[in-house]
Amino acid sequence: MTVQMDASVNVLGGALEPCSSDPLTGFFRNGACDTCAEDRGSHTVCAVMTAEFLAFSKYVGNDLSTPRPEFGFAGLKPGDQWCLCAARFLQAHDEGVAPKVRLRATHARARAIVPLQILRDHALDAGTPDAGD
């Protein structure tokens, strides 16, 4: 089966920027929040980790901070950038612990789950021009 990557477009309608190469992130582990139909978790939100968010994520069952060397995963720490599942980001927003996001590195498909205004409210790259929304 061939996996067809969606176009690399960000939530603002421009070219998707890289999220992180250290640690290497993304559904495709290519450093970007690229996605495809097989990405059921929609790993599309480029977020900057905080201690508060990492504790929340662990509490709700997705421990992102503990190293898992058997999977080549060193564990995340505050300041790391990571392609989060859009639904987890929205859940964190609803709980008041959402991390900051990089809009230019957040895939357009995130908007199917997270309203653009919520992403803008948490944007690090604020002041970005509207993308005709």
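These questions and answers concern a predicted model and the reasons behind some of the terms used for it.

Q: Why is F73 called buried?
A: The relative accessibility of F73 is 16%. Buried means under 20%, so F73 counts as buried.

Q: Where is F73, and which residues does F73 touch?
A: F73 sits in the loop between α1 and β2. Leaving aside residues up to four places away in sequence, F73 touches L64, T66, P67, R68 and W82.

Q: What makes the pair of F27 and F28 edge-to-face?
A: A pair of aromatic rings is described by the distance of the centres and the angle of the planes. For F27 and F28 these are 5.3 Å centre to centre and 85 degrees between the planes. Centres within 6.5 Å make a pair, and planes over 60 degrees apart count as edge-to-face, so F27 and F28 form an edge-to-face pair. A search of the whole structure finds three aromatic pairs, and F27 with F28 is one of them.

Q: Why are F27 and F28 called partly exposed?
A: F27 has a relative accessible area of 32%, and F28 has a relative accessibility of 28%.

Q: Why is the pair of F53 and F56 called tilted?
A: The planes of F53 and F56 are 45 degrees apart, and the centres 6.3 Å. Under 30 degrees would be stacked and over 60 edge-to-face, so this pair is tilted. F53 and F56 both lie in helix α1, three residues apart, about one turn of the helix.

Q: How do you know whether F53 and F56 are buried or exposed?
A: F53 has 0% relative accessibility and F56 has 11%. The cut-off for buried is under 20%, so F53 and F56 both count as buried.

Q: How do you know on which side of α2 the buried residues lie?
A: In helix α2, residues 86-94, the buried residues are A86, F89 and A92. They cover an arc of only 120 degrees around the axis, so they are on the same side of α2. What covers them includes β1, α1, β2, β3 and α3.

Q: Which residues touch the most other members of the largest nonpolar core?
A: Of its 26 residues, these are V45, M49, L84, F89 and L119. Two or more residues of this core come from each of β1, α1, β2, α2 and α3.

Methods. Residues numbered from 1 in each chain as written. Predicted model: local features only at pLDDT ≥ 70, side-chain atom pairs only at ≥ 80, totals over all residues. Heavy atoms only, no water. Buried < 20%, exposed > 50% of the residue type's maximum accessible area, 1.4 Å probe, protein only. Helix = DSSP H or I, 4+ residues; strand = E, 2+ residues; numbered from the N terminus. Arc of directions from axis to C-beta. Contact = heavy atoms within 4.5 Å. Core = buried A, V, L, I, M, F, W, Y, C linked by side-chain atoms within 4.5 Å. Phe/Tyr/Trp six-rings, centres within 6.5 Å; stacked < 30°, edge-to-face > 60°.
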